[in-house]
Amino acid sequence: MIESFKHLAELAADRDLADVFLETDEQEHGVPGSQILESLRKRRQVMRDCVERGKQGGVSMGKLVGNEAKLLNQAFIEGRTFLDPLTIKAELYALSVMGENSRMGVIVAAPTAGAGGVVPGMLLALEEERHVDPEKTVRALVVAGGVGSIVALSANISGAAGGCQNEVGVATAMGAAAVSYMMGGTTKQCISAAALALKNTLGLVCDPVGGLVEVPCVKRNALFAVHGLTAAQLALAGVDSVIPMDEVVEAMVRIGRALPRGLKETAEGGLATTATGCAIGQRLKDEANQRRAERAAERERLAHERKAGVTS
Ligand code: SF4
């Protein structure tokens, strides 16, 4: 088992990072590397399909989001964007995936559904814009998964456990390491990219409006996809995190414990308790009560009809 990033750095100092993760998985779980790669090829395709569907837009379950990808895509096609295409596509693909997630569409949790836009946003945009062989993207998914697995040895990957740093923050670290790998970075640079990405998400709270994975989650994924690309760029240029990745993870765990309950997915703090957040929360509650009342009335009407049928 790879117990820490320090251990990973020793094991994979001069080796291909994906190979090291595949070999370790095979030794530990008996799953051949070829099987893992095949499974990740399918997941990459699910991500791609999800991006294409997401660009079409649509309304989310809570009606708070859903058309962000469509709007950005239109602006991009019409030449109304000012950022470079790689950045735009990373944002766009992250928004597409999260739009699909908000409509209960099929996505790949990476590492969770709420943070599922960051990794595909970064990797698929890079693949397209820098003409990376899709097979390299598949191997980069091995790296992303491996990084997430090491974090998960000491941290619970959920907003309820430690805030959004544990979800979107970890996704950003996974994506940053994977992008560095795709760009030919060394193991040291991949780990540095993960550390740079994660340490700059520390303290990020989980405050979903109305308790739905819509606001701020959808747009947060797009913004942090760009954050992850920036971390990878710095690491590839030789910039070091100074604080090693294992210590960044430890800090994340401590900060997560220190966060108040209201900032850990309860919708009892942060953006969820702004005036607008509260009004939306109340509207969602009213609508849920209305649906419950309608269902109860329908059940009562059917019971009444059955009874009338029996006695006639
Ligand atoms: S705010 Fe909470 S629910 Fe939304 S993505 Fe972050 S951790 Fe997930």
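Helices (H or I, at least four residues) and strands (E, at least two) are taken as DSSP runs and numbered from the N terminus. On that basis the protein has 13 helices and zero strands, and its pattern along the sequence reads α-α-α-α-α-α-α-α-α-α-α-α-α. Because its radius of gyration is 22 Å, close to the 20 Å given by the globule rule for 312 residues, the protein is as compact as a globular protein of that length. That radius is taken over C-alpha atoms, and the rule is 2.2 Å times the number of residues to the power 0.38.

The model is predicted: local features need pLDDT of at least 70, side-chain atom pairs count only at pLDDT 80 or more, and totals for chains, interfaces and linings use all residues. Residues are numbered from 1 along each chain as its sequence is written.

**Overall dimensions and packing**

Along the principal axes, the C-alpha atoms fill a box of roughly 85 × 45 × 45 Å. Of the 312 residues, 48% are buried. Here a residue is buried if 20 or more other C-beta atoms, placed from the backbone, lie within 10 Å of its own, exposed if 12 or fewer do, and partly exposed in between. Among contacts (C-beta atoms within 7 Å, placed from the backbone) with a separation of 6 or more, 77% join residues 24 or more positions apart.

Helix 4 covers residues 68-77, and Glu68, Ala69, Leu72 and Asn73 are buried in it. These buried residues line one face of the helix, because they fall within an arc of 125° when seen down its axis; the arc is that of the directions from the helix axis to the C-beta atoms. The face turned away from the buried side carries the exposed residues Leu71 and Ile77. The cover over the buried residues of helix 4 includes helix 3 (33-54), helix 5 (85-102) and helix 11 (217-236).

Helix 11 has 20 residues and spans 28 Å from first to last C-alpha, close to the expected 28 Å at 1.5 Å a residue, where the expectation is 1.5 Å times one less than the number of residues. Since 14 of its 20 residues are buried, helix 11 is largely enclosed by the rest of the structure.

Both helices are followed by a glycine with positive phi.

| Helix | Following residue | Phi |
|---|---|---|
| Helix 4 | Gly79 | positive, near 70° |
| Helix 11 | Gly238 | positive, near 100° |

**Ligand surroundings**

Of the 14 residues around the ligand, Gly114, Gly159, Cys164, Cys206 and Cys217 come nearest; a residue is counted when its C-beta atom, placed from the backbone, lies within 6 Å. The shell divides into eight nonpolar, two polar and four charged residues. Ala, Val, Leu, Ile, Met, Phe, Trp, Tyr, Cys and Pro count as nonpolar, Asp, Glu, Lys and Arg as charged, and the others, Gly among them, as polar.

Terms used
Two residues are in contact if their C-beta atoms, placed from the backbone, lie within 7 Å.
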